[in-house]
Amino acid sequence: MQKTWKYRGRTVSGADIAFIRELIATHAEASRYALSRQLCEAWNWKQRNGALCDQICRGLLLKLEGAGEIQLPPVRFCPARNPLAERRPPELVVADDRPVYGPLSALLPLEIQLVRRSRDEPLFNSLIQQYHYLGYEQPVGEHLKYLVKVRGQAIACLAWSSAPRHLGARDRFIGWNPQARRRNIRFIAYNTRYLILPWVQVPHLASHILGRMAKQASHDWERIYAHPIYLLETFVDRQRFEGTCYRAANWIVVGDTTGRGKDAQSWKPNRTIKQILVLPLHRHFRQSLSQ
């Protein structure tokens, strides 16, 4: 009986493996990069925005080679260093730190600016690195970065990325099964960073911005990644924060994390247990996520 492989939600049958072997034999001079792209084209393995899933495909090919199912061509290019492992902190950008205070009404309307791949992205990265207690980390996968400004001055930063694949309290709140989770996890966005800059003292500002983001995030996500967002989620470290602004913006507490990372080797917590909050963006979010 032929073995069936599963990788990143994709099932690979014996016939698929035979096809990969034939592809490698037919294109004997092709690099691993070229083979992965050709396989994606043959399988129509693409992201929602039309980009090929070639990096995921290369991971699959490496897994199959490690299991002895296929033989890939030799590696042609091996960088002297890993740019991801040796990524430097963001360069320092001097921000406008004039004090901002007073009633929220005096600052409206706020400008919420999507800055990924814009000339303001270095400012965003630098502010997070300097003033957020977690510092800056380069997101992987789908993600958005926002600067909030008033009269041209940055006053807040928000970062969103792909949601964690396994989160027990959230999954129970949605009520989906593992198959639906694998298919639809892309419809959830995770608020990885939220920073009100230290020279800003404006009551109710944080919850107001979250309310604005609830209306804007899904629209921007669909424009860039060609699919909507039905649910927002975040973690709150209760040893540092109360999460008041999230609850004031109608976010819902659904439980706590287990305190174990995805690579944990035991059932014992190895990090701070955090509170999980979510915000449905659609009345029928459970139905949409469980399809």
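Me: Buried means under 20% relative accessible area, exposed over 50%, and partly exposed in between (1.4 Å probe, protein chains only). What does D96 count as?

Reply: This is a predicted model, where local features need pLDDT of at least 70, side-chain atom pairs count only at pLDDT 80 or more, and totals for chains, interfaces and linings use all residues. Residues are numbered from 1 along each chain as its sequence is written, and side-chain values use heavy atoms, without hydrogens or water. D96 has 33% relative accessibility, so it counts as partly exposed.

Me: Which strand has the lowest mean pLDDT?

Reply: pLDDT is the predictor's confidence in each residue, from 0 to 100. The protein chain averages 90. Helices (H or I, at least four residues) and strands (E, at least two) are DSSP runs, numbered from the N terminus. Strand β11 (residues 275–280) has the highest mean, 98, and the lowest, 83, belongs to strand β1 (residues 5–7).

Me: With which residue does D96 form a salt bridge?

Reply: A salt bridge needs a side-chain nitrogen of Lys or Arg within 4 Å of a carboxyl oxygen of Asp or Glu. Side chains of opposite charge can pair when their charged atoms come close. The closest N and O atoms here are 2.6 Å apart, and the partner of D96 is R98.

Me: How many residues apart in sequence are the parts that E121 and K145 tie together?

Reply: E121 and K145 form a salt bridge, with their closest N and O atoms 2.7 Å apart. Both E121 and K145 are buried. E121 lies in helix α4 and K145 in strand β5, so the parts they tie together are apart in sequence by 24 residues.

Me: How many disulfides does the structure hold?

Reply: A disulfide is a pair of cysteine sulfur atoms within 2.5 Å. The sulfur of C53 is 5.9 Å from the closest cysteine sulfur, in C40, so the pair is too far apart for a bond. C157 is in no disulfide either, as its nearest cysteine sulfur, that of C245, is 14 Å away. The count of disulfides is zero.

Me: What is the area of the nonpolar surface patch made by Y133, L134 and F241?

Reply: Patches are made of residues with over 30% relative accessible area and no salt bridge; like charges are joined within 9 Å, nonpolar side chains (Val, Leu, Ile, Met, Phe, Trp, Tyr) within 5 Å. Y133 has a relative accessible area of 34%. Y133 lies in the loop between α4 (121–131) and β5 (143–150). Together with L134 and F241, Y133 makes a patch of about 280 Å².

How values were computed:
Accessible areas come from the Shrake-Rupley method with a 1.4 Å probe; for residues, only the protein chains shown count as cover.
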